[in-house]
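Welcome! Open your viewer, get ready to select and zoom, and follow along stop by stop.

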Amino acid sequence: MDFQLSEDQEALVSALHSILQDHAELPQAERFGYSCFNAELQGILADSGFLSAAREIGPIEAALVTIETARLPVLVETAATGLVAPMVLGEAIEGPVALIDGKAMDKAHRNLPIARTALVDLGEDVAVLAIEPADVEPVESVLAFPYGRFRKAPDLAKARRLPGAGEALRQWWRVALAAEVAGAAQAAIAFTIDYVKQREVFGRPVGSFQSVQHRLVQCHAHAQSCYYLALRAAWSGDPVDADCAASFAQQGVQRLLFDLHQFHGGMGVTTEHLLHFWLYRIRALQAEAGGVHRIGLEIANRLWPDAPAAAQRMAQAG
Amino acid sequence: MLDELKALEPFRAEVRAWLAANLPADWQQKMLGAPEEEHVAFQKAWFRAMMAGGYGAPHWPKEWGGSGFSFAQQIVLYEEIARAGAPRLILYFIALHHVPGTLLEWGTQAQRERHLPAVLTGNEIWCQGFSEPNAGSDLASLRTRAERHGDVFVVNGQKTWSSNAHHADFCLLLARTDPAAAKTRGISYFIMDMKAPGVTLRPIKQMTGASHFNEIFLDDVEIPAENLIGPEHGGWAVAQSTLSSERGLSVLELTERMRVGFRMLLESAQAEGPAGGRLIDDDEIRRRLVDIYARMQALRLLVNELLTQAMRGTKQGTEPSIIKIYYSELLRDFTALGVTLGGVAGQYLQPVLMGGANETGYWMQDYLYSWAWTISGGSSEIQRNIVAERGLKLPREPQPAAAGQGG
């Protein structure tokens, strides 16, 4: 298989770009914040059908929408609304959607302050919760997503339940996560390349030094691989592909974070540039849906299931 | 690409059946630790068998005795060869890929008629005389000199890293014919007879113990002017044709062989671990296996993109460089995991599988040999320079002469 986009996919991406380009700039007032959710753009994408791509066309197209929107410094929630929810429920639900690990209900959850619906991973089953803004208390963080926790633990027993949907939720959560990392990483790398071409030291551009070039090439190759693995997982619908895409994406986050900030020099440890709007999204995704360690072991258990000791340890770890 | 390959399922079945019927089941047993002459004899026998089956020269045009397969057919063929664990035809690599890639584009009709049919008989082995002690990744700084005296060129200099030169009949040689011209402008490209007076070989012993490479010393070697390929002083452009003659199929074969070889890693992981139980039950080992597995998937997708570009005739960017880095570093980590799994016992000297893949299960030799892959064909550092400058459009590195001026 290959990922030369078809004509229809090219057309979809190009139509999406024509909307996104008007929102490519971060509003001046938001520059020093940690995250910037653009509700207006979220509405435009929903109204123009980009969040229905998974049901109307297919998961690859929904993944493409996730990847392309993840390139923006502003946040729109396309991954869970446009890809995960439709693949798990097969129907539209009100977005934005937050994805929640049911074992950590009392912790802060990504996107909860902007969410209208939450999908809760209960292991076997999935609970679908309608979210009232009043029920959520925002939590401050440096991560480039809004985080919030429930003021009062929601009554999961009363929530709508999708029996046996847990596995599908984790699978598509991982595909979406990989797609989001791929898009954000590619954007952060492009942003950094622009910077190192302009910024001069010792009378020449920072980007003319091999020590910078070689690490940027590694970042680029990693992001490109993430992109293909995410699209492959969306295409095949195979849980091992989804897990590979997510664990591969998460594995490279530390290096991306370190190198891309490093190449911005002193500016890299300030909020005077946009880098953190992508990289601190990636960082948040690094630990989600199991994280590198657990996803890695899950792949191993799927591929080499006859390892009783490991399987037992996994079960005990829950 | 998927659709093109799907349409070739009957062809795939044909190839698979042919390999099942013709590949000697015990070839690995026989080639394990085989002496050089037996290895060469088997390479020749297998190549001739492939030719008889119609698969020996899949990419050669029919008029020159090849199969004239479509690019998609070649993809299928190489996948099947790799999956069947057939021998790598390393003895014929230069003859089968570089020779036609060069002669069909730049050679004279006489040169083609003299050499192309001979290659396909299996009798004519070729080697490459590009690298020099002071011209490796920086090939254009080569110094071997060829001076024209009437209708011969007299060559003096030294070549190195020439694989299989000790078996070769002819050499694709680059030499400087105009020392006054700019680096790439004064180079010419020759066919050199390895039996010509003045050609001396010295094998280079590798740290694995084997000797695939040679130094070639050239002392007043006379090459007839009719053996010049392409224009005099125009050899650099000819060399580009040589080097671009593979179009991603070699790395496809290597990638598929690695996927097959992964089974051997899993087998090695069945061994008992130091703390009891099997190695594969250990979380750390499982994660390292998964890391390799996921990277192999990514590699295959990168290769597929390259093959699709080649198939559609789209202009290639820096993908070959990215893939070269990716493959060679993955191979290093793959074989390093093999060494870990093999423990100390895996580090005793063992017989080497001649003509085998880069993953033979003799992990210490595989690991040490993997180091050659991050260097040969343009080191990882050079590949990164290429991607940085041509792919990411980063500014060129300052020339060494100017490097001291900034500080």
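**Stop 1: where the chains meet**

Show both chains: 36 residues of chain A are in contact with 36 residues of chain B. Here, contact means that two C-beta atoms, placed from the backbone, lie within 7 Å. On the chain A side, each of these elements supplies at least two residues: H6 (166-198), E9 (204-205), H7 (210-236), H8 (239-251), H11 (291-303) and H12 (308-317). H stands for a helix (DSSP type H or I, at least four residues) and E for a strand (at least two), and both are DSSP runs numbered from the N terminus. Colour H7(A), which gives the largest share of that side, 11 residues. By class, the side of chain A that touches chain B has 21 nonpolar, 11 polar and four charged residues. Ala, Val, Leu, Ile, Met, Phe, Trp, Tyr, Cys and Pro count as nonpolar, Asp, Glu, Lys and Arg as charged, and the others, Gly among them, as polar.

Before you move on, note that this is a predicted model: local features need pLDDT of at least 70, side-chain atom pairs count only at pLDDT 80 or more, and totals for chains, interfaces and linings use all residues. Residues are numbered from 1 along each chain as its sequence is written, while chains are lettered from A and ligands numbered from 1 in the order in which they are written.

**Stop 2: a helix and what follows**

Select residues 79-89 of chain A, which form H5(A). Is this helix enclosed or open? H5(A) is largely enclosed by the rest of the structure, because 11 of its 11 residues are buried. A residue is buried if 20 or more other C-beta atoms lie within 10 Å of its own, exposed if 12 or fewer, and partly exposed in between, with C-beta atoms placed from the backbone. Among the buried residues are Leu83(A), Met87(A) and Leu89(A).

Step just past H5(A) to Gly90(A), which takes a positive phi of about 70°. Then find the cis peptide bond between Gly95(A) and Pro96(A), with omega about -10°. Pro96(A) sits in the loop between H5 and E1 (97-101) of chain A.

**Stop 3: the sheet**

Next, show the open sheet of four strands in chain A, ordered E1-E3-E4-E7 with mixed pairing. Two strands pair if DSSP finds at least two bridges between them. E1 and E7 (160-162) of chain A are the edge strands, each pairing on one side only. E1(A) and E3(A) (residues 117-121) run parallel and are joined by five bridges.

**Stop 4: across to chain B**

Select Lys159(B) in strand E3 (residues 152-159) of chain B. Why does Lys159(B) count as buried? Lys159(B) is buried because 28 other C-beta atoms lie within 10 Å. Leaving aside neighbours within four places in sequence, the contacts of Lys159(B) include Glu132(B), Thr144(B) and Ile216(B).

Finish at Asp220(B), in strand E7 (residues 213-224) of chain B. Asp220(B) has a positive phi of about 50° although it is not a glycine. With 11 C-beta neighbours inside 10 Å, Asp220(B) counts as exposed.
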